[in-house]
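Here is a short report for a reader new to this protein. Look over the sequence and the model, then read on.

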Amino acid sequence: MLTAATLATGAPVLADCSVAFDCRIADMVNVGTHDVLFCRVVAVQRSGCTDNLINFGRAYHTVGVTSPAGAGAETALRRS
């Protein structure tokens with residue numbers, strides 16, 4: 001069952017997600033048919049989940065933490 005919580009701005013976030021960034025919009029630029037948002041991160045929520053999936057280059061890849069103790073910027077991208 002999915003449960004929801006809130007972070008610093010009061011925006012809803014799924015409590016069981018791998019990571020959630022709570023942001024405030026700093027600027028918005030219209031580029032063709034899209035709006036590009038530039039945001040300032042005000043809060044981050046991480047869970048213990050290390051099994052993640054990302055779509056990049058028209059293919060799915062797994063994203064794993066290289067060291068459970070250093071679950072920060074040190075992530076490895078592996079082809080699945």
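## Elements and model

Helices (H or I, at least four residues) and strands (E, at least two) are DSSP runs, numbered from the N terminus. From that end on, the elements of this protein run β-β-β-β-β-β-β. That makes 0 helices and 7 strands.

The model is predicted: local features need pLDDT of at least 70, side-chain atom pairs count only at pLDDT 80 or more, and totals for chains, interfaces and linings use all residues. Residues are numbered from 1 along each chain as its sequence is written, and side-chain values use heavy atoms, with hydrogens and water left out.

## Surface and contacts overall

The accessible surface of the protein comes to about 6300 Å² (Shrake-Rupley method, 1.4 Å probe; for residues, only the protein chains shown count as cover). Carbon and sulfur atoms hold 58% of that surface. Buried means under 20% relative accessible area, exposed over 50%, and partly exposed in between (1.4 Å probe, protein chains only). Buried residues make up 12% of the 80 residues.

Contact means heavy atoms within 4.5 Å. Take the contacts with a separation of 6 or more: residues 24 or more positions apart account for 21% of them.

Strand β3 covers residues 19-31, and strand β4 covers residues 34-46. The two run antiparallel and are joined by 12 bridges. Strands pair if DSSP finds at least two bridges between them. β3 and β4 form a hairpin, with 2 residues between them. Glycine 32 sits in the turn and has a positive phi of about 65 degrees.

Valine 29 stands opposite valine 36 in β4.

## A nonpolar patch

Val19, Phe21, Val41 and Val44 form a nonpolar patch on the surface. Together they have about 360 Å² of accessible area. Like charges are joined within 9 Å, and nonpolar side chains (Val, Leu, Ile, Met, Phe, Trp, Tyr) within 5 Å.

β3 and β4 each supply at least two residues of the patch. Valine 19 lies in β3. Its relative accessible area is 38%, so valine 19 is partly exposed.

## Cysteine 23

Cysteine 23 also has its place in strand β3. It is partly exposed, with a relative accessible area of 30%. Leaving aside neighbours within four places in sequence, cysteine 23 is in contact with Thr9, Cys39, Arg40, Val41 and Val42. Cysteine 23 and valine 44 are 21 residues apart in sequence. In space they are 8.9 Å apart, C-alpha to C-alpha.

## Around β5 and β6

Arginine 58 is in the loop between β5 (52-56) and β6. Its phi is near 60 degrees, a positive value in a residue other than glycine. Is arginine 58 buried or exposed? At 84% relative accessibility, arginine 58 counts as exposed.

Histidine 61 lies in strand β6 (residues 59-65). This histidine counts as buried because its relative accessibility is 4%. The side chain of histidine 61 reaches the backbone oxygen of phenylalanine 56 at 2.9 Å.

Terms used. Patches are made of residues with over 30% relative accessible area and no salt bridge: like charges are joined within 9 Å, nonpolar side chains (Val, Leu, Ile, Met, Phe, Trp, Tyr) within 5 Å. A salt bridge is a side-chain nitrogen of Lys or Arg within 4 Å of a carboxyl oxygen of Asp or Glu. A polar contact is a pair of N or O atoms within 3.5 Å; within protein, one must be able to donate a hydrogen and the other to accept it, and residues adjacent in sequence count only if both atoms are side-chain atoms.
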